[in-house]
Amino acid sequence: MDDLDKLGLATASAKARKSYREGGIPIGAALVYHGSSLDLSNAVVLGCSHNQRIQKSSPTLHAEIATLEDAGRLKADVYTKCTMYTTLSPCSMCTGAILLYKIPRVVIGENKNFVGGEKLLKEHGVEVKVAGDTECEELMARFIKEKPEVGKVHLYSTNYAR
């Protein structure tokens with residue numbers, strides 16, 4: 001993994017650990033601007049956050065959506081020079097947001113615990129890179145084991161807070 005991807009994934013992973021410590025789903029994300037080159041020379045973390053579905057009893061505060069919110073409203077062309085980093089394969093909603101904002105590149109920490117919209121992203125010309133990060137995989141697996149009431153199937157689809 002190059003330095004840009006290390007920065008982005010490390011930022012997302014820190015947010016996933018924060019969510020886990022709060023009792024939430026350990027998924028983190030970061031939106032990193034890099035301009036037209038994929039190196040650290042222009043890299044700026046525009047936004048980063050974590051999944052807050054449990055913490056805020058929200059059906060939509062997935063890590064990627066919360067990250068876009070954290071970045072604030074940006075000019076359309078800024079998104080086209082960014083990479084979205086996420087510790088887990090993005091769900092359909094987050095995949096849609098990536099496509100809507102024309103983010104050209106997504107780096108995923110792991111996709112063993114959940115496979116989301118990777119195929120759809122690729123079909124729309126988005127570069128998708130799966131890092132196969134052991135820490136991301138182990139943290140999510142631990143969460144699934146510790147919180148079976150949420151469970152693997154329910155990570156994105158069930159409102160278990162009620």
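Predicted model: local features only at pLDDT ≥ 70, side-chain atom pairs only at ≥ 80, totals over all residues.
UniProt, in an unreviewed entry, lists residues 3-128 under "domain: CMP/dCMP-type deaminase". Over that stretch the chain is 37% helix and 22% strand.

Attention may now turn to the charged side chains. Across the whole structure, a search finds 6 salt bridges. One of them joins K129 to D5, with 2.7 Å between the closest N and O atoms. Because K129 belongs to strand β5, which spans residues 127-130, and D5 to helix α1, which spans residues 3-21, this pair ties together parts that are 124 residues apart in sequence. The two partners may also be described by their accessibility. K129 has a relative accessible area of 27% and is therefore partly exposed. D5, by contrast, has a relative accessibility of 0%, so it counts as buried.

Strand β5 also holds E127, whose partner R105 lies in strand β4, residues 105-110. The side chains of E127 and R105 form a salt bridge, with an N to O distance of 3.3 Å. Given the positions of E127 in strand β5 and R105 in strand β4, the pair ties together parts that are 22 residues apart in sequence. Here again the accessibility of each partner can be stated. E127, at 41% relative accessibility, counts as partly exposed, whereas R105 is buried, with a relative accessible area of 5%.

How are D5, R105, E127 and K129 linked? These four residues are linked in a network of salt bridges.

The side chains of K112 and E137 meet at 4.0 Å, N to O. K112 is found in the loop between β4 and α5 (118-123), and E137 in helix α6, residues 134-146, so this contact ties together parts that are 25 residues apart in sequence. As for accessibility, K112 counts as exposed because its relative accessibility is 61%, and exposed means over 50%. E137 counts as partly exposed, at 25% relative accessibility.

Terms used: Residues numbered from 1 in each chain as written. Heavy atoms only, no water. UniProt positions renumbered as here; feature names shortened; annotations may be inferred. Helix = DSSP H or I, 4+ residues; strand = E, 2+ residues; numbered from the N terminus. Buried < 20%, exposed > 50% of the residue type's maximum accessible area, 1.4 Å probe, protein only.
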